[in-house]
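I record what I looked up, entry by entry.

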Amino acid sequence: MSQVPAVPVRAPVRRRSFNLFDERNARYLMPAPAVLAIVGMMVFPVVYTMWMSFQSWFASSPKGPIFVGLDNYVKLITQDARFSGAFVRTIVFTTLAVGLQTILGIAMALVFNEEFKGRGIFRSLFLLPMMATPVAVSLVWLMMYDPTSGLLNYLLSLIGQPPSIWVADQSIALLCLVVVDSWKFTPLVMLIVLAGLSALPTDPYESAAIDGANSAQLLWHITLPLLRPTIMVAVLFRSIDALKTFDSIFVITKGGPVYASETLNIYSFIQAFEYFNMGYSSALLMIFFALVMGVSVVFMRLRRVSW
Amino acid sequence: MSSAKLAAGRGKGAGWGLRLGLGYAGVVLLILVVMFPFLWLLQMSFKPDMLIFAWPPVLTFEPTMKHYTDLQGGQFQKSFANSGIISVTSTALSLLIGVPASYVLSRARLGSKGTIALWILATRMAPPIAFTIPFFLAYRQLEWIDTLQGMVLIYMTFNLSLVIWMMRTFFDSIPRVLEEAALIDGASVWGTFRRVILPLSAPGLGATAIFAFLFSWNDFFYALILTRTKAMTAPVAVVNFMNYEGWEWGKIAAGGTMVMLPVVMFSLVVRNYLVRGLTAGAVKG
């Protein structure tokens, strides 16, 4: 960053005097509304939720919140099987989805990094799944998973397999959601990796080619290590969002059947807005927030250490 | 140059044409898998009711506009208009207060820009419900539940960090010499910002605006909690079809297609900025 004073406070002012205040304090006035909005509407709510997590309170009851200390946290961790189930499912869902997307996304990026006709159009088409309205594409998948007239069962029948009930099957419901998430976000990983590929230096490849390395060795010993920071960015962003997946799970299974696809985000939604158990769900959210932060910190650390 | 390209260059010879053909077939297959849900939704929205549940699925039929005309005049049309009003207004407001803040962030000698990047990341990490509980309770007091202004306020807030971050990278790329020249010529700080900096960052402003619009338009979560009927947005309306008229696949498909139409158009406009927008807050280096 340059050392020149950013917004020169003593710019020649040739305006009416009441503007002098504006002018001198531009560097404070310009960001002021944004700072106020952020403090009032983002920082304060999180602090409030943290405070609420120490209370016992149903928003549906006329009685006010009662301070209960760490009771909510203790109850969640030691007694609530639904919470521990949701916790494990959130981790499983995120690991499977992000893992699949990362591997497929890197593979696709290597394909699309080659020059071929129509590459630009193909790349643009890949943007659509991640940008398209999540609930709309979730509804399409819900229709395709339909046991009686869904397309996937038709495809199964073509290869002579018995039909499946897909998202209504407790043992595979979560996997079905991993497929939807991967369909949506593999292209994002691909795009991030492509951006990384286009910025790679050429020297290592030239010297490796002179040393007689084959293309698999080039990929494994040069391309992937050089891409590491880029891949970690993709994994970081995908993990943060996958942990919080809501729309597709809510639309396709609502956490069911039974609790087979209930993740932390869905469970906290149900606690907060179906049971109106505000104190309890706030404690749940604090643990959830800590989980997302913890995962992010791990990936940010991983980015800096060499392979 | 990439490893793949080097490898391809070396392999040029006998099997090259075949490899190219196979490569193209693979790419086309991939595109088909990616595009398939969209195409399926589109054909469903034009399919006559009696063929929708046909087994095996029918792909040749006389298209009907019935499902689209069914959407007219009902809750969906109103919700669609709500979505438009809410998204446009919240985008305009978040630009209005986010862009000046972003400019100062880009120009000021702040000790640690990394801290701000981390803060933006942190707002992404927080589960949306953690923000929503206080909003819900406050709106209940203010009687702002199911109002347009309530939705505008919440989307404006959540687009702020995106606007600040995206615009900062655009402002960073404008050389300081330009505004220094303007200031020496006697322009004010505000005047320089309005007449020199903003016109130069027009493409960035456009891309940022489209992103903010798309995030508000696509949102389901906040609208699900904070609206009922009057201010209901289009994504919630479409999901309601599924909940209350689950057999009307044609209507659901038509609604889904309508919701996605602006998204598809705008996404193609901003395709070059997409990675930047979706990874706002990525710490460089």
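I located A:Val35 in helix 3 (residues 32-52) of chain A; helices are DSSP runs of H or I with at least four residues, numbered from the N terminus. The model is predicted, so I note that local features need pLDDT of at least 70 and side-chain atom pairs pLDDT 80 or more, while totals for chains, interfaces and linings use all residues. Residues are numbered from 1 along each chain as written, chains are lettered from A and ligands numbered from 1 in the order written, and side-chain values use heavy atoms, without hydrogens and water.

I found A:Val35 partly exposed, at 45% relative accessibility (buried is under 20%, exposed over 50%, partly exposed in between, with a 1.4 Å probe and protein chains only).

The rings of A:Tyr48 and A:Trp51 are tilted, because their planes stand at 45°, with centres 5.6 Å apart. Both residues lie in helix 3 of chain A, three residues apart, about one turn of the helix. A:Tyr48 is partly exposed at 22%, and A:Trp51 is partly exposed at 43%.

I also noted A:Trp183 and B:Phe38, a tilted pair with 5.6 Å between centres and 45° between planes. A:Trp183 is in helix 9 of chain A and B:Phe38 in helix 2 of chain B, so this pair joins two chains. Both A:Trp183 and B:Phe38 are buried.

Technical notes
Rings of Phe, Tyr and Trp (its six-membered ring) pair if their centres lie within 6.5 Å; planes under 30 degrees apart count as stacked, over 60 as edge-to-face and the rest as tilted.
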